[in-house]
Amino acid sequence: MTAEKMALAKAINESLRTALDADPKVLIMGEDVGKLGGVFRVTDGLQKDFGEERVIDTPLAESGIVGTAIGLALRGYRPVVEIQFDGFVFPAYDQIVTQLAKMHARALGKIKLPVVIRIPYGGGIGAVEHHSESPEALFAHVAGLKVVSPSNAGDAYWMMQQAIHSDDPVIFFEPKRRYWDKSEVNREAIPGPLHKARVVREGTDLTLAAYGPMVKVCQEAAAAAEEEGKSLEVLDLRSMSPIDFDAVQASVEKTRHLVVVHEAPVFLGTGAEIAARITERCFYHLEAPVLRVGGYHAPYPPARLEDEYLPGLDRVLDAVDRSLAY
Amino acid sequence: MTVESTAARKPRRSAGTKRTAAKKPPGAQPDLVQLLTPEGKRVKNGEYDAYVADITPEELRGLYRDMVLTRRFDAEATSLQRQGELGLWASLLGQEAAQIGSGRATREDDYVFPTYREHGVAWCRGVDPANLLGMFRGVNNGGWDPNSNNFHLYTIVIGSQTLHATGYAMGIAKDGADSAVIAYFGDGASSQGDVAESFTFSAVYNAPVVFFCQNNQWAISEPTERQTRVPLYQRAQGYGFPGVRVDGNDVLACLAVTKWALERARRGEGPTLVEAFTYRMGAHTTSDDPTKYRADEEREAWEVKDPILRLRTYLEASNHADEGFFAELEAESEALGKRVREVVRAMPDPDRFAIFENAYADGHALVDEERAQFAAYQASFADEGEGK
């Protein structure tokens with residue numbers, strides 16, 4: 001089988017199917033993941049093919065979902081848990097932060113917690129409150145968790161495979177507004193390491209670093225900038241914990257300018273950490289401060305205002321102009 | 001609603017507890033399962049006698065020995081805290097019967113999810129008591145291998161482990177095994193959402209789990225009345241599984257009721273809630289001061305219901321144990337105290353690089369980087385002799 005074009009949601013579905021097929025210990029758990037196939041249909045058809053014992057519709061209690069997934073992992077299972085929307089994860093935050101993240105260390109390494117928590121995240125779909133948030137920094141801040149987000153179908157397929165194989169808990173943020181975007185999935189390719197960033201567009205004047213839903217925006221910004229004679233490099237970070245600082249450093253040493261873009265609020269966000277680290281690593285290479293483009297320190301706005309809140313092409317290019325003007 | 005009718009809905013304290021009549025009228029506990037009275041008399045119980053019918057004098061002496069040694073270990077740990085050898089200790093004093101009775105009901109392949117006070121259950125599972133002290137001394141955060149005794153790590157955040165127990169039990173059911181899980185928690189934890197969710201999950205998946213609630217009457221300074229207005233065991237009814245209140249100071253009753261509940265689980269009949277009605281004779285932990293919130297009279301009323309005393313009375317009256325047994329146990333008890341003392345005092349501080357160990361199973365680039373920075377920082381003291 002060669003590369004096949006499919007939507008990001010379908011790629012995750014295929015990846016889950018592959019994992020269920022390969023390992024009887026893999027379980028899918030979540031609200032409405034069974035018959036319905038999840039509110040975004042990411043688990044569509046899996047219960048039909050693998051049964052209710054392996055694709056489990058759960059009670060509507062997020063802490064219960066994650067807490068019982070921990071127990072199943074202790075019994076030797078590899079649960080892949082779906083949290084229906086980003087804003088619904090907080091009832092489970094205690095189980096994730098206090099138990100899931102720390103239990104391996106608490107046991108001095110004697111037990112492992114191979115749990116994947118899938119969270120559709122981010123805005124841009126005109127949703128009601130609590131359905132458009134980007135809480136990745138709240139998880140990346142916690143030692144013991146790994147945090148990743150694919151930007152395209154090919155990565156989604158392989159990153160999910162790698163997350164399920166990981167013996168550490170992985171928070172898997174799925175860019176919900178890209179669920180229907182199609183790209184190539186090559187199931188025979190040998191994927192790169194899960195936590196390595198990838199240059200998706202080469203450039204020489206400035207580096208745009210992004211992940212998940214913002215990679216596409218950055219690619220569009222780079223294309224627009226090219227028309228103005230600016231050569232932007234676009235880096236898909238893919239992983240927010242750990243962050244591939246080496247890749248960012250290598251790019252910045254070449255371009256000497258860095259703009260980090262994410263939907264999440266910039267205050268204490270992924271971009272803040274990257275700015276601090278890259279300032280340390282590349283102090284003598286930088287020709288401008290590291291700039292960030294992201295959400296504001298305000299609750300996610302009602303849908304009619306989300307285009308003002310979310311970083312778009314123009315806001316990214318505005319930051320590019322400010323950086324290059326230094 | 002009259003004052004009396006409000007009071008009537010609340011769980012009643014035992015007779016002899018001195019409280020204002022309007023707030024807590026004296027009266028018998030509702031449906032309390034008891035096989036051995038505080039006076040050490042064996043009383044018949046049609047439902048639960050069967051579960052201890054074949055118990056031998058040797059096993060009875062074993063239960064007694066377990067309780068005595070657990071209490072001795074507990075007292076030693078309290079002393080070690082007073083001597084500065086431990087940072088903190090959570091005493092189980094008064095709860096020996098609840099823990100030994102339920103712990104001895106478990107089978108080797110069953111799995112136990114404790115709070116941080118289940119020293120008696122740990123003893124029954126064969127966990128070396130000295131291992132329990134590492135986290136209270138501050139040399140680790142638990143550290144024993146849960147799978148070597150099917151005894152999970154102590155859980156400090158109240159109630160979280162009931163969900164882990166439920167998930168583990170769901171896994172047992174998926175495996176088609178006939179093992180069972182027992183989850184410990186207390187009256188305070190019964191208010192936690194995680195406990196409620198574990199009741200829901202275990203009920204809808206019919207998971208083989210026993211919820212063993214030690215109602216020791218106090219959640220630090222808050223009485224059970226601050227957690228519930230119905231007897232805790234009655235909560236099970238709303239979730240669709242049975243709940244039983246057992247005399248938590250009666251080791252035989254705790255053994256029988258827990259066996260019954262575990263066997264239900266093994267037969268595929270799902271979860272059970274056992275409320276062991278007991279009393280925390282000591283402070284919440286060594287940092288607590290119960291004189292600020294509860295009366296001596298209440299403790300005194302419970303003292304006559306002591307779990308060890310009543311079994312001793314029974315053993316003596318039925319000629320199941322002689323003076324030699326008690327003397328030998330006394331010596332064993334002192335030897336245990338001595339060994340625990342020595343082990344704790346010899347317990348070394350961990351290597352400073354242990355900070356970074358086991359943060360992840362598969363490693364993490366940032367942890368590697370920070371460990372290297374920490375090592376370089378420590379190495380910078382090399383010419384001053386030992387690293388600071």
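Domain bounds here come from an automatic or database domain assignment. The model is predicted: local features need pLDDT of at least 70, side-chain atom pairs count only at pLDDT 80 or more, and totals for chains, interfaces and linings use all residues. Residues are numbered from 1 along each chain as its sequence is written, while chains are lettered from A and ligands numbered from 1 in the order in which they are written.

**Exercise 1.** Locate the domains of chain A and describe their contact.

*Solution.* Step 1: the assignment divides chain A into domain 1 (4–185) and domain 2 (198–324). Step 2: the C-alpha centres of these two domains of chain A are 26 Å apart. Step 3: two residues are in contact if their C-beta atoms, placed from the backbone, lie within 7 Å; on this basis, 24 residues of domain 1 of chain A meet 21 residues of domain 2 of chain A.

**Exercise 2.** Determine how many residues each chain gives to the contact between chains A and B, and which element of chain B gives the largest share.

*Solution.* Step 1: chain B supplies 35 residues and chain A supplies 34 residues. Step 2: helices (H or I, at least four residues) and strands (E, at least two) are DSSP runs, numbered from the N terminus. Step 3: on the side of chain B that touches chain A, α7(B) contributes the largest share, 11 residues.

**Exercise 3.** State the secondary structure content of chain A and its contact pattern.

*Solution.* Step 1: chain A contains 12 helices and 14 strands. Step 2: of the contacts in chain A with a separation of 6 or more, 79% join residues 24 or more positions apart.
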